[in-house]
Amino acid sequence: MATRKQDDRNSGVLETEHGKIRPPRLYKVLLLNDDFTPMDFVIVVLEKFFGFGREQATLIMLKVHREGRGLCGVYPRDVAATKVDQVSAFARQNQHPLACVMEEN
């Protein structure tokens, strides 16, 4: 934001005000393991909604399978919430209980 500085020497000169602007909070989007969703479906989700290639999607899917959860990405809150909604809707449409959640980074 610019403000007009009023003094005798620089009458009418604009100076910038430096406010304290913080970057938006970021949120992790995670897939959670379950005993029913096929591994191939998880790979499709990672490719379709998070843009991973087959190899990276497979590695994340294996992490979900072995460790119970896997990181899909870190996003601002509105983007993370949209990803969670899209994945959850897609899983329901395909009759899978795959859970996708977000948590603050």
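Glu67 and Lys63 both lie in helix α2, four residues apart, about one turn of the helix. Their side chains form a salt bridge with the closest N and O atoms 3.0 Å apart, where a salt bridge is a side-chain nitrogen of Lys or Arg within 4 Å of a carboxyl oxygen of Asp or Glu. The model is predicted: local features need pLDDT of at least 70, side-chain atom pairs count only at pLDDT 80 or more, and totals for chains, interfaces and linings use all residues. Residues are numbered from 1 along each chain as its sequence is written, and side-chain values use heavy atoms, without hydrogens and water.

Helices (H or I, at least four residues) and strands (E, at least two) are DSSP runs, numbered from the N terminus. In α2, Ala57, Ile60, Met61 and Val64 are buried; buried means under 20% relative accessible area, exposed over 50%, and partly exposed in between (1.4 Å probe, protein chains only). Seen down the axis of α2, the buried residues fall within an arc of 100° (taken from the directions from the helix axis to the C-beta atoms), so they line one face of the helix. The face turned away from this buried side carries the exposed residues Glu55, Arg66 and Glu67.

A network of salt bridges links Lys28, Arg69 and Glu103.

| Pair | Closest N to O distance |
|---|---|
| Lys28 and Glu103 | 4.0 Å |

Arg69 in strand β4 and Glu103 in strand β5 are 34 residues apart. Arg69 counts as partly exposed at 36% relative accessibility, and Glu103 counts as partly exposed at 28%.
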